[in-house]
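Here's a quick walk through how this fold is packed. Have the model open while you read.

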Amino acid sequence: METLVGLCSDTSSTIEVPCSSANIGPGFDVAGIALTRFLELQIEINQSSSASKAPLNCTITYEGEGQGSEDIDLAPDRNLLTRVALYVLRCHDQHEFPSQTSIHVKNDIPLGRGLGSSGAAVVAGIMLGNEVGSLDLSKDRMLDFCLMIERHPDNVAAALYGGFVGTYLSDLDPEDMARKEIPLSEVLPAPAGGIDTGLRPPIPPSGIGRYMKFPWSPAIKAIVIIPDFGTTPTLYNLLR
C-alpha cells in the first residue's frame with residue numbers, strides 16, 4: 001500500500017494518504033504501519049482565471065468522519081493541511097496558492113483514535129504544497145519537511161511511504177540540529193507563526209530522519225479496533 005498522488009488533468013489532481021498505527025510491539029517511536037483508511041484531497045486549479053477573491057487564493061470544503069470533524073477550521077490560514085502546504089511553498093518563494101485553487105477533503109480517518117490523523121494531515125499538506133507548487137520533491141525530502149512539523153517519524157513515515165516501516169532520527173551537526181528544533185510557531189504560517197512577513201521560513205536540513213521498509217507477509221492480517229467513545233485523555237485513563 002502506497003501513498004498516492006495522481007494527476008487527473010492540467011487543472012486537477014488527487015492526493016491519497018493512509019492512516020497509520022505506530023509504536024508497534026517493541027518499536028516505540030520507531031515502527032509504524034500504514035492501514036487502509038485514507039485522507040483524500042481533491043484539488044482543482046482554474047488556470048483560466050488570474051484573479052481570486054479567496055484568502056491565499058484557496059477555498060476548502062470538507063466531508064469527514066469522527067467526533068470533532070464538524071469543528072475543523074476551513075480557513076486556509078488556519079487549517080492544518082493548508083498551513084503545512086504554505087510552509088512548503090514559502091520555503092520555495094511561493095507565498096500563496098495558485099489562483100483559484102479549490103481543495104475538497106474527504107477524510108475516512110477517525111480523529112483522536114490513535115490512527116495518525118494528524119500525521120496523515122501533515123503528509124497530505126506536504127504533498128499538497130509539492131503538487132500545487134510543481135516542486136518535484138522526492139519522498140525523502142518530503143520526510144524532512146514532515147519532521148519539521150511532526151517531530152516523531154513513525155506515523156508520518158508510514159503514511160508517506162506506505163507499508164510497514166522502521167524509522168529513526170539522524171545525528172545532525174549542531175547547526176542543523178538547531179534548525180530542526182526551531183519552535184513550531186516559527187515554522188508554520190499564521191496563526192501559529194503570525195502574519196506572513198515575506199521572509200523565507202526555516203528550511204529543513206537534509207536527512208533529518210531515516211527509514212527502512214520491513215517485509216510483510218500477505219498471510220498476516222492487521223485488525224485494528226477503533227474505540228468509539230471519549231477523547232484521547234479518556235482513553236489514557238482507561239488504559240492505566
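In helix 2, G119, A120 and V123 meet V156, A159 and L160 of helix 4, where contact means heavy atoms within 4.5 Å. Sorted by class, that contact has 5 nonpolar, 1 polar and no charged residues. Here Ala, Val, Leu, Ile, Met, Phe, Trp, Tyr, Cys and Pro count as nonpolar, Asp, Glu, Lys and Arg as charged, and the others, Gly among them, as polar. Helices (H or I, at least four residues) and strands (E, at least two) are DSSP runs, numbered from the N terminus.

Before going on, note that this is a predicted model: local features need pLDDT of at least 70, side-chain atom pairs count only at pLDDT 80 or more, and totals for chains, interfaces and linings use all residues. Residues are numbered from 1 along each chain as its sequence is written, and side-chain values use heavy atoms, with hydrogens and water left out.

| Helix pair | Crossing angle | Axis distance |
|---|---|---|
| Helix 2 and helix 4 | about 55° | 9 Å |

The axes are lines fitted to C-alpha atoms, for helices over the stretch in contact, and the angles run from 0 to 180 degrees between N-to-C directions.

Who makes the contact between helix 2 and helix 3? Helix 2 brings V122, V123, I126, M127 and N130, and helix 3 brings M142, F145 and C146. These residues split into 7 nonpolar, 1 polar and no charged.

Helix 3 (residues 139–147) is mostly covered, with 7 of its 9 residues buried. Buried means under 20% relative accessible area, exposed over 50%, and partly exposed in between (1.4 Å probe, protein chains only). The buried residues of helix 3 include R141 and D144. Its buried set packs against helix 1, helix 2, helix 4, strand 6 and strand 7.

Now for the core. The largest nonpolar core has 57 residues, and L41, F97, I126 and L128 have the most contacts inside it. Helix 2 (residues 117–132) gives the most to this core, with 9 residues. Such a core is a set of buried Ala, Val, Leu, Ile, Met, Phe, Trp, Tyr and Cys residues joined through side-chain atoms within 4.5 Å. Leaving out residues up to four places away in sequence, F97 touches L56, N57, C58, T82, A85, L86, L89, I103, L128 and V132.

N57 has a positive phi of about 65° although it is not a glycine. It sits in the loop between strand 3 and strand 4 and counts as buried, at 12% relative accessibility. D93 has a positive phi of about 60°, and it isn't a glycine either. D93 lies in the loop between helix 1 and strand 5 and is partly exposed at 48%.

Finally, C19 lies in strand 2 and is buried, with a relative accessible area of 2%.
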